[in-house]
Amino acid sequence: MNEPISFFSGFGPKDLWYLAQAAWQTLLISVLSISAGTVMGIFFGWILSESKVVGSITIGFVLDAFRSVPLIIQLVLFYNLFNVIGLAVSPFTAGVIILGVYTSALVANVARGGIESVGKPMRRAGRSLGLSYFQTMRHVVWPIGLRAVFPSWVGVALGVLKDSALVSVLGHPELLKVARDLITRTQQPLLVLAVAGAFYFALSFPISRYAAHLERKWQS
Amino acid sequence: MIEIKELHKYFGDLHVLKGIDLNVEKGEVLSIIGASGSGKSTLLYCINGLEAIQKGEVKVDGVSVHAKETNLNKLRTKMGMVFQQWNSFPHLTALENVALAPRIVKGRSKAESREIARAQLEHVGLNDKIDVYPSALSGGQQQRLAIARALAMEPEYMLFDEATSALDPELVGEVLDTMRLLAEEGMTMICVTHEMGFARDVSDRVAYFHEGVMEEIGPPDQIFNNQKSERTAKFLANVR
Ligand SMILES: Nc1ncnc2c1ncn2[C@@H]1O[C@H](COP(=O)(O)OP(=O)(O)OP(=O)(O)O)[C@@H](O)[C@H]1O
Ligand SMILES: [Mg+2]
């Protein structure tokens, strides 16, 4: 173990531990914002599918804005806005909120497509059994429609996991931020970025595998 | 008893049902025949409140279907409906398809509703398909599943909207047999159908619909052999 130390003069095992902790932060930010964003997004998507006119001129417009303005601008803008209006939120909280809203805008579109793919005959079959409107939604329309667009949702979720790197601009020690700091200190950008990239992969891979497993299960 | 009085239904400017008067007694099997677009499906949808009406009244066991104070969800549990497109719930197994409404609507326990479902699947001859998803069932089996699903609510009336029209010819028989079985058990049934053999053999009465009007109604022998209306005769001459 003596000889390689001169080679890895900057990057030691301790730095690996820093990166692991940062990966944990990335995971936390992603899981929280994806969960909250998904719940909100399904709700918005449902409203959009129910009332095309009212929905699209109100929340449809707002969601379009969140979808089209670059996330990095949203993060900086709202983080500063929060502070200006006296809401002292940490970079972490701000990141989760903004990333969550951004996710909900993406999920809303996906969810609407899925909900609309369940046609009138299927809904009527539910209602004819005595199910109420909400029971039909909960037990028939949502499960069928949302499963149909599950692959797109996985795409959104993996995208958000990567986009969470942008929270680094607020200074929260997630993967990208810590990686950059380490690069400055160690001057070993290739190694540090490779390790950080491996962490992103390690976070995404189980998700996409599990998703593929679910898809296969639902297809049968 | 189902009582329909002076029923008018419009879709926008389109006058689809033009004053229908019809009573269906408990235990009766009524078949409805008629050309495409004559309003047969719409009548069924009006009976269980899936469509609003513009004039007249529909009563089921004395309860007015379209009155504001009527609890439609409760009333619908009295009327099972089977559609041309069987609409199995694809995310649920055969058993779960049938058990869903008893559990959700009637508040039966999980075990009870599964028991009900098992019994109804056996009723329609699907006892070997309990844990199968609909995608692995043939059209005829899915239609029988839809019948079992409706029966699980223990309805007093069954409405069939061309239950066999979307099926491959070789699968029609098994669904008609299931419908025959229900008729023999004394179920009150209104069957919109293009199956003239079924209408003749199983029905107590047959109604012929023409452009939103009930042109003629009577026992099968009258409708198929001694029509009072020329239009009925002409329609039947063409479908044969
Ligand atoms: N939701 C709707 N909106 C507008 N028009 C409708 C709607 N549903 C049915 N119609 C029209 O009402 C008329 C009667 O339709 P209905 O489905 O009751 O006919 P049908 O006798 O069942 O015909 P088929 O044998 O083709 O099923 C048709 O002209 C149809 O186009
Ligand atoms: Mg029809």
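Biologist: At which residues of chain A does UniProt place the feature "domain: ABC transmembrane type-1"?

Modeller: The model is a predicted one, and the domain assignment comes from an unreviewed UniProt entry. Over the span concerned, chain A is 84% helix and 0% strand, and the end C-alpha atoms lie 21 Å apart. The record places the domain at residues 23-211 of chain A.

Biologist: How many helices and how many strands does the secondary structure of chain A come to?

Modeller: From the N terminus on, the elements run α-α-α-α-α-α-α-α-α-α-α. The C-alpha trace of chain A spans about 75 × 50 × 25 Å along its principal axes. The secondary structure of this chain comes to 11 helices and zero strands.

Biologist: How far apart are the end C-alpha atoms of residues 95-119 of chain A?

Modeller: UniProt, in an unreviewed entry, gives "transmembrane region" at residues 22-48, 95-119 and 190-212 of chain A. Residues 22-48 are 100% helix, with end C-alpha atoms 37 Å apart. Residues 95-119 are 88% helix and 0% strand, and their end C-alpha atoms lie at a separation of 38 Å.

Biologist: Are α2(A) and α8(A) roughly parallel or roughly perpendicular to each other?

Modeller: Helix α2 (residues 13-50) and helix α8 (residues 133-148) of chain A have axes 13 Å apart and pack at an angle of about 105°. Angles of 65 to 115 degrees count as roughly perpendicular. The two helices α2(A) and α8(A) are therefore roughly perpendicular.

Biologist: Which residues of chain B does UniProt list for "domain: ABC transporter"?

Modeller: The span in question is 37% helix and 26% strand. Its end C-alpha atoms are 27 Å apart. The unreviewed UniProt entry lists residues 2-236 of chain B.

Biologist: Which side chain has an N or O atom 2.5 Å from an oxygen atom of ligand 1?

Modeller: Ligand 1 is surrounded by 13 residues, the closest being B:Ser36, B:Gly37, B:Lys40, B:Ser41 and B:Thr42. An N or O atom in the side chain of B:Lys40 is 2.9 Å from a ligand oxygen atom, and for B:Glu162 the distance is 3.0 Å. The side chain at 2.5 Å is that of B:Ser36.

Terms used:
Residues numbered from 1 in each chain as written. Chains lettered and ligands numbered in written order. Predicted model: local features only at pLDDT ≥ 70, side-chain atom pairs only at ≥ 80, totals over all residues. Heavy atoms only, no water. Axes fitted to C-alpha atoms, helices over the stretch in contact; angles between N-to-C directions. Helix = DSSP H or I, 4+ residues; strand = E, 2+ residues; numbered from the N terminus. Parallel < 35°, antiparallel > 145°, perpendicular 65-115°, else oblique. UniProt positions renumbered as here; feature names shortened; annotations may be inferred. Near = heavy atom within 4 Å. Polar contact = N/O pair within 3.5 Å; in protein donor to acceptor, adjacent residues only side chain to side chain.
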